[in-house]
Amino acid sequence: MNLTYSPAQQAFRLEVREWLAANVPKEKLPTYDTKEGFELHRQWESKLHAAGLSMVMWPEEFGGRGCDLIEWLIFEEEYYGAGAPLRVNLNGQLLLGSTLLEFGTQEQKAQFLPRMASSDDMWAQAWSEPNAGSDMANISSKAILDGDHYVLNGQKTWSTRAIYADWAFGLFRSEPGSKRHHGLSFLMVPLDAEGVTIQPIKALDGEDAFAEIFFDNVKVPVAHRIGDEGKGWHVAMATAGFERGLLLRSPARFQQTVRKLVKLYRDNKASADRDPSIGVDVAKCWSDAEAYALSAYNTVGRLNNGEKIGAESSLNKVFWSEMDLLIHQTAMKILGTTGELLAGAPLAEEHAYWLEGFLFAQAGPIYAGANEIQRNIVAERVLGLPRS
Amino acid sequence: MDFTFTEDQLMFREAISRFLMTEAAPEKLREIWETDEGRSPELRTKIAMQGLTALSIPEDNGGLGMGDVAWSLMTQELGYYGIPDSLADTAYVGAGLFSALDDSFAEKGQYLNQICDGELRLAIGHQCSPMVADAHLAEVLLLQHGDEVHLVSQDDISDVANPSIDSSRRLSQVTWQPTPETCIASGEAGAAIWNETLNRGALSVAGQLLGLAQRMLDLTVDYSVQRKQFGKAIGSFQAVKHHLADVAGKIEFAKPVLYRAANSLETNHPLASVHVSQARQFCSEAALLAARHGIQVHGAMGYTWEVDLQMFMKRSWALNNTWGDATFHQARVQDYVLNSQVDLAPSLTFE
Ligand SMILES: Cc1cc2nc3c(=O)[nH]c(=O)nc-3n(C[C@H](O)[C@H](O)[C@H](O)COP(=O)(O)OP(=O)(O)OC[C@H]3O[C@@H](n4cnc5c(N)ncnc54)[C@H](O)[C@@H]3O)c2cc1C
């Protein structure tokens, strides 16, 4: 055990820190759930990419920098620590990107990864359907093979930022009459294709954060399938593992939020201390975020030792989503009577940051596999309890 | 940056685990619980033969020279098997205390050698508790008097037993007289030794609590697979599954916190005290939830003397408030987070 950074790692940290200090926009960008905000985030992503800092742990040939996971954690610490904009293309970059690197052909990697790294292509996930939420194997959208392309029909839903995205990826039933997780194929679909209709859905905050996607005889080349036909479930589960495991919610994001929470507490100490449990919770938030970071470094150590991370990654998902709720509930307690104020209200200062975060934290235990499902997975696959 | 253990550390843990599995089986624990002294000299001798008492003794004194990081694995095993012995207090906390003493203390080497060979019975009395564990059997006691460290022999104390709900703990109030002759460290040096000793004791308890949590989880998983109601194993019911998944989560996230704290203590990190208290909190939470959900899933069986779960629950409840009670550790973490002026940036985790 050696919990110190090597000189090379320290130098990398410094380089990232200096670049961010010089380049992070001084004014917070408007939310990426509006057209204008989305475009500004895209421009930021492209600037990041030009500096070689968009997808640091991808190979250089695909627009990355060839960093290892420790360097990635360092990058994230600096990125969030600098208050840089939230990443707008992560669903593609982390989830599809990882899948392409593992299962994609050389042509697919060359075609999709560099444009994803630069955010010239923005990606949306299209797994969920009206009757396939937690029960994702119940997918019914079809992709029927016709020569060198598939013909897609059906409906996806809850697709985050799909109204602004260029592409979507997800599972489609390519074998007619197949059941459950058999006969599904993993496809990448251009959202400007003929027959695609996108219908925004207003989220809790009133913004068009996600959307329904309708497919009406949409043609998709066979070359846009990842992995073998009918084997999409296997490919998708690898993606889901990454999503829950380490990548989607890096520790630094929560550590930065906790840093602000501690400041909020210190700035409002007299008022907050009227309820001693607030101080206790602030300390717990710090401790949890720290534990989450330690766990990430520990996981990286295990991966570097050749271990595989399996179903225990479900524990991660439960941990960060519950921590995020506690952080924001605590902030709302400290803000007290003015916590309800929207951005722009004369009495609201930093309040909107906390209110937005509080709303989004409500979704954490639901998306990326609801926490009840994660607990089932842990009980059955980690502890070996019998299926019901 | 590497969070993993060495082959040596892992192999040693394996060996100890295999040894305790047979030597500290629940039947044996029950036997020892029932004795007056609450200790088995035979078990202690066998433990010494396994090399555990030599673990953190410096190599110059014939030991293995391992540190807090290695002990963070070993204490989990001691907790898992719930061994009724003051082994950790002697071979880990006590050895650390003797090692920290100035070389001008002439008998330092002799005591370290004795611990190494498993020949010394030791008790440590810290002001965090009015009781001293194992005082009735100790040949010598290390006792706190303000900043002073005193080394007192059994002949010079009188002890009054205070039975605990955890029969594997044997506690006494100790009456004794500090004299210049018994004082072996004082002033700043003494204060530093007591602070480090408290941290090491707390970390030892943290590791044991984590081991206890894992034991209670394992016992409960086994039970929930065997016990049938409504024609099915109760472990197939979702409410039961979620109880146990939550325990698994607490254990999983406590581990790296424990290991980091051990590393901080071993490397004299300026925040070692905060890290140790943080580890205590995580490991306590895991053990307390494992106990609560463990008894719940066992139903009335869990409320009996006969089912082994009781031994591990009671030990968890007791240890939760030793070497600094839960409130002490909560306060230490909270004080750092709320009252230090540090701007807690994400890059600070290992600084
Ligand atoms: C902010 C947000 C963004 C999202 N983005 C995307 C996206 O980009 N792409 C995409 O495809 N999807 C997305 N989703 C959808 C998300 O994946 C689903 O909401 C999630 O899988 C749960 O499905 P559901 O909403 O249909 O809930 P349901 O499956 O109907 O579940 C409702 C409740 O019942 C519980 N439940 C269901 N089955 C079980 C069971 N077997 N045992 C115990 N409890 C059970 C659930 O845990 C939950 O509490 C997003 C969702 C949100 C909130």
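Predicted model: local features only at pLDDT ≥ 70, side-chain atom pairs only at ≥ 80, totals over all residues.
One of the residue pairs to look for is Arg302(A) with Glu252(B), whose side chains form a salt bridge with an N to O distance of 3.6 Å.

The wider contact between the chains gives these pairs their setting. Chain A brings 54 residues to the contact, and chain B brings 49 residues. Together the two chains bury an area of about 4600 Å², and 64% of this area comes from carbon and sulfur atoms. On the chain A side, Met1(A), Leu3(A) and Trp286(A) deserve a look: they supply 18% of the area that chain A buries against chain B, more than any other three residues.

Two cavities of 30 Å³ or more are found in the model.

The lining of the largest cavity is made up of 15 residues. Those that lie nearest its centre are Trp72(A), Glu76(A), Arg87(A), Leu90(A) and Leu94(A). Two elements of chain A, α3 (69-81) and α4 (90-103), each give two or more residues to this lining. Of the elements, α3(A) gives the most, with five residues. In terms of class, the lining holds eleven nonpolar residues, along with two polar and two charged ones.

For the second largest cavity, the reader can move to chain B. Its lining consists of Leu29(B), Trp33(B), Gly82(B), Asp166(B), Ser168(B), Met311(B), Phe312(B) and Arg315(B). Here the helices α2 (26-34) and α10 (309-319) of chain B each supply at least two residues, and α10(B) gives the most, with three residues. By class, four residues of this lining are nonpolar, two are polar and two are charged.

Notes. Residues numbered from 1 in each chain as written. Chains lettered and ligands numbered in written order. Heavy atoms only, no water. 1 Å grid on protein atoms, 1.4 Å probe; cavity = no way out; pocket = protein on both sides within 12 Å on 5 of 7 lines; lining within 4 Å. Points joined across faces, edges and corners; volume = space filled by probe spheres on them. Helix = DSSP H or I, 4+ residues; strand = E, 2+ residues; numbered from the N terminus. Nonpolar A, V, L, I, M, F, W, Y, C, P; charged D, E, K, R; others polar. Contact = heavy atoms within 4.5 Å. Buried area = accessible area lost by both parts, 1.4 Å probe. Salt bridge = Lys/Arg side-chain N within 4 Å of Asp/Glu carboxyl O.
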